[in-house]
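Here is a short note on the pockets of this structure. Please read it with the model open.

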Amino acid sequence: MSDPIQPESPAPLTGEPSPEELEAAAAASEDALSQTLAELATLKAKSAELADQYLRAQADVQNARRRAEDEIAKARKFALESFAESLLPVLDSLEAGLAIQSATPEQIREGAEATLRQLRSALERNKVLEINPPAGTKFDPHQHQAISMVPADQEANTVVSVLQKGYLIAERVLRPALVTVAAPK
């Protein structure tokens, strides 16, 4: 005959854990500790990777800033070089005109007009444009500088005459036109 299965006797109710419970708790604690240590190692590796990425990004930003500064310096240098190069034919024409000792007044005038055309062309190629408003144009304080107000038979606050032309460079006022303006009636 077989032995009857005896039910396990419950642990004594003394409030102290049994050795099996202590062993299970210790194993669980060890598992949690090893899992926490693994997570810590993963986080340290991730932190080191992010620190490396940050340093590389900082280096990239500094390199980009330095390249941009170099490009700006080169653009300024070569912009001036281009402008000076466009003025060299004007200089050559003036020197050639002055080298002629026996030029007639008509020849001098013709040479001066040709040189002026060259100069205007060089300025236009470099986006330097005249401000020369015709009489009757509305006074624009952004492009004109009023020298005086004079009585005139035209609308008030309009240009009567230009005393000195102004100039724009790339749509920015280099020098305003000096003008007289019609006074209010």
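1. Start with the second largest pocket. It holds about 160 Å³ of space. Keep in mind that this is a predicted model.

2. The lining of the second largest pocket includes a run of names from Leu116, Leu119, Arg120, Leu123 and Glu124. Val128, Leu129 and Glu130 also line this pocket, as do Lys165 and Tyr167. The largest share is from α2, with five residues.

3. What classes of residue make up the lining of the second largest pocket? Six are nonpolar and four are charged. None is polar.

4. Now turn to the largest pocket. Its volume is about 240 Å³. Among its lining residues are Ser93, Leu94, Gly97, Leu98 and Ile100. Ala103 and Gln107 belong to the lining too. So do Ile108, Gly111, Ala112 and Thr115.

5. Which elements supply at least two residues each to the lining of the largest pocket? They are α1 (19-99) and α2 (105-125). The element that gives the most is α2, with five residues.

6. The lining of the largest pocket has six nonpolar and five polar residues. It has no charged residues.

7. One element deserves a second look. For the largest pocket, α2 gives the most to the lining. For the second largest pocket, the largest share of the lining again comes from α2.

Terms used: Residues are numbered from 1 along each chain as its sequence is written. This is a predicted model: local features need pLDDT of at least 70, side-chain atom pairs count only at pLDDT 80 or more; totals for chains, interfaces and linings use all residues. Side-chain values use heavy atoms; hydrogens and water are left out. On a 1 Å grid over the protein atoms alone, a cavity is a set of points where a 1.4 Å probe fits but cannot get out, and a pocket is an open set with protein on both sides within 12 Å along at least five of seven lines; lining residues have an atom within 4 Å of a point. Grid points are joined across faces, edges and corners, and a volume is the space filled by probe spheres set on the points. Helices (H or I, at least four residues) and strands (E, at least two) are DSSP runs, numbered from the N terminus. Ala, Val, Leu, Ile, Met, Phe, Trp, Tyr, Cys and Pro count as nonpolar, Asp, Glu, Lys and Arg as charged, and the others, Gly among them, as polar.
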